[in-house]
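Dear colleague,

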Amino acid sequence: VDQIVRQLRGACAWVWNNIDEYGGDRHSFYVVGNSAGGHLSAMLAATEWPEVIHEIPADLIKGAMSLSGLFDLEPLLLHSVNDTVNMDSAMARRNSPIRLKPTLGGPYISAVGGAESAEFIRQSSDFAQVWKEAGANIEFIEVADRNHFSIVGDMVNDDYVLWRRLK
């Protein structure tokens, strides 16, 4: 998990340094992710960029959205997924965005499907509450009748509640 987060931060630094060549705007940096990607979106929104990569501004991430993300990795220590991930408790804590300070320069949406497991709903709701208390501009959205996979499927529809929130 440490390596994945480190590599993703490096990818963001590459984008920051090269986006002009592709017609992008380095001052409009937003991240969105589903499931493990939702976890990574939160990790990026909690990154102390100047401490990690000196030339990157502290407010690199202007806004973010997590769809059915995991924000407290400690419960995974007891799950069979950890047989592959091989986290110890220290790694789980340092990669749990619920324990980190938000650093993003704009809004965050923590969305979860209403048909998700109670744990996914709890994690998304608790994360939003903790970051709100830490001063983040964060909104929790529970999308009725969506599960871990279908919450993403409607992102192609202009009238989908989450797509409208991104605009």
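In this predicted model, the largest nonpolar core has 24 residues, and those that touch the most other members are Trp 49, Leu 60, Ile 61, Tyr 108, Phe 127 and Trp 131. Two or more residues of this core come from each of α1, β1, α2, β2 (61–67) and α6 (118–133). Another core, of ten residues, lies apart from it; among its members are Met 65, Ile 141, Val 143 and Met 155.

Trp 49 deserves a separate entry. Not counting residues up to four places away in sequence, Trp 49 touches Arg 9 and Cys 12, together with Leu 44, His 54, Ile 56, Pro 57, Ala 58, Leu 60 and Ile 61.

Arg 9 and Cys 12 are also among the buried residues of α1, as are Val 5, Ala 13, Trp 16 and Asn 18. The buried residues of this helix pack against β1 (29–34), α2 (36–45) and α3 (49–52). Helix α1 covers residues 2–18; at 1.5 Å a residue its 17 residues should span 24 Å, and because its end C-alpha atoms are 24 Å apart, the two values agree.

Turning to the sheet, four strands form an open arrangement in the order β1-β2-β3-β4, with parallel pairing. Direction ignored, neighbouring strands are turned by 10° against each other on average. Helix α2 packs on this sheet and touches β1, β2 and β3, its direction making about 150° with that of β1.

Six bridges join β1 to β2 in the parallel sense. Within this pairing, Phe 29 stands opposite Ile 61, and Val 31 has Ala 64 as its bridge partner.

Finally, Thr 103 belongs to the loop between α5 (89–94) and β3 (108–113). Is this residue buried or exposed? Its relative accessible area is 13%, and Thr 103 is therefore buried, the cut-off being under 20%. Leaving aside neighbours within four places in sequence, Thr 103 is in contact with Leu 44, Ala 45, Ala 46, Thr 47 and Glu 48, and also with Ala 58 and Asp 59.

Yours sincerely

Technical notes:
Residues numbered from 1 in each chain as written. Predicted model: local features only at pLDDT ≥ 70, side-chain atom pairs only at ≥ 80, totals over all residues. Heavy atoms only, no water. Expected span 1.5 Å × (residues − 1). Buried < 20%, exposed > 50% of the residue type's maximum accessible area, 1.4 Å probe, protein only. Contact = heavy atoms within 4.5 Å. Core = buried A, V, L, I, M, F, W, Y, C linked by side-chain atoms within 4.5 Å. Pairing = 2+ DSSP bridges. Axes fitted to C-alpha atoms, helices over the stretch in contact; angles between N-to-C directions.
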